[in-house]
Amino acid sequence: MTLSPAEWEAIRLSLLIGLAAVAWILPPGIAVAWWLARYHFRGKAFVNGLIHLPLVLPPVVVGYLLLIGLGRQGVFGQWLYSNLGVSLPFTWQGAAVASGVMAFPLLVRALRLSIEAVDPKLEAAASTLGASRWRVFTTITLPLAIPGLLTGTVLAFARALSEFGATITFASNIPGETRTLPLALYTLIQTPGQEAAAARLCFLAIIIALLSLIASEWLARRTQQRLQERDAY
Amino acid sequence: MPISPASPDVSSTSSLSLSVEQRLGNFQLQASLTLPASGVTGIFGISGSGKTSLLRIIAGLDTPDVGKLQLGDQVLLDTQQRQNVPAHQRRIGVVFQEARLFPHYRVRGNLTYGMPERAAHRFDEIVELLGIGHLLARIPGTLSGGEARRVAIGRALLSDPQLLLMDEPLSGLDGPRKQELLRFIARLTRQVQIPVIYVSHDPEEISAIADHLVLMKEGRVIASDPLHDLLQRFDLTEELGGFDAASIIEGRVVEHDDVYQLTNLALDKCHQLIIPGISAPIGSRLRVRIFARDIALALSPTKDTSYRNQLAATIEKMETLPTSPHSVELLLSLGSIHLRSRLTRKSSDEMELAVGKQVTALVRSVSILHY
């Protein structure tokens, strides 16, 4: 089957926005997961709840909140626009922000569990060998938590690909800019006589999801092997 | 060849002084100590006496509620001045109870993990000393318990520490393997010119390794003296092994009897000890341990006996301990050497033993342990 330009556009946008979303949430996701896994502090339950909110809130609510916060008139949005000239709503970058926020809890959750499973005794041993906290994290904690990092990244990527509600609320449904696969599918379903085209997109979505699952499985196995064959430095 | 810290700027002849207080639930640790700048200090006590807590504070893995810790002229911790050098800047190596090798590094990667450039030239030497050359490419998960411990010791030594802490490094090893590694560590600590603090609840390990001994009980230090002096104290008999109370003597190998597989050990100019044959070269120094219950006394040298060692001695001290009313603890002096002996009170009375009396100490060769 050959793909129409509109279908290619939807796939390209979906992948672009999915990857961008994962890319921007990885650094804060890793930091937050480590913080939650290794430190006990007052109000931890609250912070934890806040991070998991996008999982349980209707996505439209998240999109609306983003609009309030990051919209041109929003608290941070105003600052972003007047200082950096950046406007997020109705752009693919905005869509990446929205799907990233929705995917964030999945990444943090998987990674946090994995970091908690790393024996703190190994970290203590590394510090007595002269390793700074940063070196302990990058050479001991993170490498041993790689399985969780991979799982979390794949989950977050899949979530970002399938994100609909927050994206359409915050970034709208603009062809060639924010119309990702789910949004294109929704548009087709809304249009009478486009059932066949909708089915094609549906099929594409399944293929992409399957491919990313297979890729992650392969990556996880490869990393596991590499991890065991690795030498220092 | 002796191994000393690679960087001469930090003197290895700096003593450790500490004074710490820490409350952990119902347990209170309260210790003030000054430890010698060289040799092996044993920290000894039953589990729960605070040994490991103290070690963790020295390593910088725990911070006490109140305290001060000084190594030579470097202040590592002073809670009043809000000073606390983090663990990774203390240059204090730790060998933990479990080997704690990094599972995602090979043995070589584990050994070099904490190795600074200045210590790199010692890699081959330490690997050879530990006998782990054939393990370098292995993954830690495939090592035996004893191999993993040796790698852990090598890893700590290669981090070029100014002080080495060992926390029951033999725990969990079985009989023969434990003996082998114990002899190995005893030899190693004599070769390494880095002060060592060795924590254990096993009197045998401490006797084999320590020069100085710190005795802990319920979070407090009850004694801190040279090992020889403490082993002679009757009031510490219970703490130091009770039934297994023993003496430690250092000697020099002077002769091997190849036919009967015995070795002659010179204790000083006029005292020799025959022990089970060992492979150490003539002239090498070693330490033997003799249980008090393994030394019998005679009033004069006797011929009709299987005892290979008959040593002329003077009774210096004798006492019956309330914990064992049937026996008498004796301290014998052989010139500068001291030996502990234990007899039934009945024998002692029948032989009319008393302080100052000349006796012959009888020691069975087969009962002597060497390290």
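This is a predicted model: local features need pLDDT of at least 70, side-chain atom pairs count only at pLDDT 80 or more; totals for chains, interfaces and linings use all residues.
Local features are given only at pLDDT of at least 70 and side-chain atom pairs only at pLDDT 80 or more, while totals for chains, interfaces and linings use all residues. Residues are numbered from 1 along each chain as its sequence is written, chains are lettered from A in the order in which they are written, and side-chain values use heavy atoms, without hydrogens and water.

In soluble globular proteins, nonpolar side chains tend to be buried together. A nonpolar core is a set of buried Ala, Val, Leu, Ile, Met, Phe, Trp, Tyr and Cys residues joined through side-chain atoms within 4.5 Å. Buried means under 20% relative accessible area, exposed means over 50%, and partly exposed lies in between (1.4 Å probe, protein chains only). The largest nonpolar core here has 52 residues, and Leu111(B) and Ile185(B) have the most contacts inside it. Helix H4 of chain B (residues 145-158) gives the most to this core, with seven residues. Helices (H or I, at least four residues) and strands (E, at least two) are DSSP runs, numbered from the N terminus. Contact means heavy atoms within 4.5 Å. Beyond four places in sequence, Ile185(B) touches residues including Ile153(B), Met166(B) and Tyr198(B). A second, separate core has 40 residues, among them Leu16(B), Ile58(B) and Leu163(B).

Helix H1 of chain B (residues 51-59) is largely enclosed by the rest of the structure, because seven of its nine residues are buried. Among the buried residues of H1(B) are Lys51(B), Leu54(B) and Ile58(B). Gly60(B) follows H1(B) and has a positive phi, near 90°.

Phe44(B) is in strand E3 of chain B (residues 40-44). Its relative accessible area is 4%, so Phe44(B) counts as buried. Phe44(B) and Ala223(B) are 179 residues apart in sequence, and their C-alpha atoms are 9.9 Å apart in space.

In chain A, two helices pack against each other. Two packed helices are described by the angle between their axes and the distance between the axes. Axes are lines fitted to C-alpha atoms, for helices over the stretch in contact, and angles run from 0 to 180 degrees between N-to-C directions. Helix H1 (residues 5-38) and helix H2 (residues 44-56) of chain A pack at about 150°, with axes 11 Å apart. The contact includes Val32(A) and Trp35(A) from H1(A), and Val47(A) and Ile51(A) from H2(A).

Also in chain A, Pro182(A) is found in helix H10 (residues 181-190). The C-alpha atoms of Pro182(A) and Ala10(A) are 8.5 Å apart, although the two residues are 172 apart in sequence. Beyond four places in sequence, Pro182(A) is in contact with residues including Ser14(A) and Phe164(A).

Most residues other than glycine have a negative phi, and most peptide bonds are trans. Phe90(A) has a positive phi, near 65°, and lies in the loop between helix H4 (75-84) and helix H5 (92-116) of chain A. Arg100(B) has a positive phi of about 55° and sits in the loop between strand E7 (92-95) and helix H2 (107-112) of chain B. Arg100(B) is buried, because its relative accessible area is 11%.
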